[in-house]
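Let us take a walk through a protein together, one feature at a time. Please have a look at the sequence and the model before reading on.

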Amino acid sequence: MSSSIIHVVLTGGVGSRLWPLSRKSQPKQYLELFEGKSLFEMTVARNSHLVDQVVVVGNVDNCHLSRKVLEKTQTSYIDIVEATPRNTAAAIAFAAFAAAPDAILIVTPSDHIIDEMEAYTSAITEAIAKAQNNYIVTFGIVPTKPETGFGYIEYRGDTVLAFREKPNKATAIDFISRGNFLWNSGMFCFKASVLLDELKAFEPEVYAKAQQAWEANQAGQLDYDLSMAIPSISIDYAVMERSKKIKVVASQFAWSDLGSFESVYDYLVAQGHPVDAQGNMVIGTDVFSTFIGLKNTIFVSTPDANLILQKEQSQDVKYIYNELERQGSDLLN
C-alpha cells in the first residue's frame, strides 16, 4: 500500500503589500482577481489530481473564506484553525501531527500563481520520490530576473549549498550571473514523521508546545493559550537551514508569489488587462480614470481607500500598511 499524499495549504498571510485590495477580512489569497477565481481556489485545483487529501491550515479570521471556496468546488478537506498566527514551523507541525507518520505532505502557500502544469507536475513527482527516501524537499524556481523580493537557494544538483536572504539589487544580479541560484518558493514535500523528527531535534520547544496545542484541538480548532505558548519561528529557520536531510528540486514552471503590485501588474498585463500607452494601469474600478504625464503608475481603487503608486516602488506599500496599523486604522480590516 503506497503512503497517502496530502496537500497542505497554508492560508495565514494578510498580504500587507497588496493593501488596499488585501485586507485582514479579505486577504489577497481570497480576492477573485483571476478570471473570477481566487489564488486559494487555483492552488487547491492545481494539486487536486496529484493528492489523496487536502488539509487547510488557516486562522480564525479567514477559515470561513476557505470553507466557502472548498464548498463551492466540492472539495473534502481537513480543517486546522489556528487561534493566533505562530509562523510556519507551528502551522506545518499541526498538519504533520494530523497526518499518518508515513504520509507524504506537499506544503504550499495559498497565494502564489503557477503556470506550465506539466513542469509543475513533474517537479511534484520528483519531490515525492525524494520524500519517500526520507528527504525533506524544497522547491527552487529557476529565476527569470534578478528579483529582490524573494529569498534564494544556492545549489548543486539536488544539494542545497545555502539559503540566502532577500538580496539587494546588486547581489541579486550577482546571483543570477552565477547561474546556480534558485528562487525560494516556500513550497515543501516530506514525510510527516521525518519533518517532525527534525523539528524535535532542532526546536524541541516548538515541537512539544505545538504537539500540546494539537492534542487539545476541538474538531481542528486550536486553543488560544496553548497556541500562544508556541515560539513563533519560520520553518526555514527551524528546520530547512539546519537539517542534513534537505534536497532541492530545481523547477522550471512559471511562478510568482504575487507579493507586490509590480508582480500583480505583470501578471494582469500577461492576461490582457488594459494599460495605456505609458504603461499606466487601473485596478478595481470601472470609473473612467486617465493619467497625464505619468508612466508605469498603478491606480488601485477600493470603496474606502485609493492607492496611487509607481510600479517600481511597490515594495514600499508595506510601510503604508505598517503606519495604518500603528494608528489602529479601520482601513486594514
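This is a predicted model: local features need pLDDT of at least 70, side-chain atom pairs count only at pLDDT 80 or more; totals for chains, interfaces and linings use all residues.

Residues are numbered from 1 along each chain as its sequence is written, and side-chain values use heavy atoms, with hydrogens and water left out.

Let us begin with confidence. The score used is pLDDT, the predictor's confidence in each residue, from 0 to 100. The protein averages 93, and 99% of the residues score at least 70. Where along the protein is confidence lowest, and where is it highest? The lowest mean, 88, belongs to strand β11 (residues 254-256), and the highest, 98, to helix α6 (residues 192-202). The names of these elements come from DSSP runs, numbered from the N terminus: helices are H or I with at least four residues, and strands are E with at least two.

Helix α6 also takes part in a packing pair. It packs against helix α3 (residues 87-98) at an angle of about 135°, and the two axes are 9 Å apart. Here axes are lines fitted to C-alpha atoms, for helices over the stretch in contact, and angles run from 0 to 180 degrees between N-to-C directions. Angles under 35 degrees count as roughly parallel, over 145 as roughly antiparallel, 65 to 115 as roughly perpendicular and the rest as oblique. α3 and α6 are therefore oblique to each other. The crossing of α3 and α6 is left-handed, a term for a near helix turned anticlockwise from the far one by less than a right angle, with right-handed used if the turn is clockwise.

The axes of α3 and α7 come within 9 Å and cross at roughly 55°. That makes α3 oblique to α7 as well, and this crossing is right-handed.

Now for the spaces. On a 1 Å grid over the protein atoms alone, a cavity is a set of points where a 1.4 Å probe fits but cannot get out, while a pocket is an open set with protein on both sides within 12 Å along at least five of seven lines; lining residues have an atom within 4 Å of a point. Grid points are joined across faces, edges and corners, and a volume is the space filled by probe spheres set on the points.

The largest pocket has a volume of about 1400 Å³. It is lined by 42 residues, of which N87, T88, H112, K166 and D236 are the closest to its centre. Strand β9 provides the largest share of this lining, four residues. By class, the lining has 14 nonpolar, 17 polar and 11 charged residues; Ala, Val, Leu, Ile, Met, Phe, Trp, Tyr, Cys and Pro count as nonpolar, Asp, Glu, Lys and Arg as charged, and the others, Gly among them, as polar.

The second largest pocket has a volume of about 650 Å³. Its centre is closest to K145, E147, S256, S263 and D266, out of 36 lining residues. Helix α10 gives the most to this lining, with five residues.

W19 and P20 are joined by a cis peptide bond, with omega about 10°. A219, a residue other than glycine, has a positive phi near 50°.
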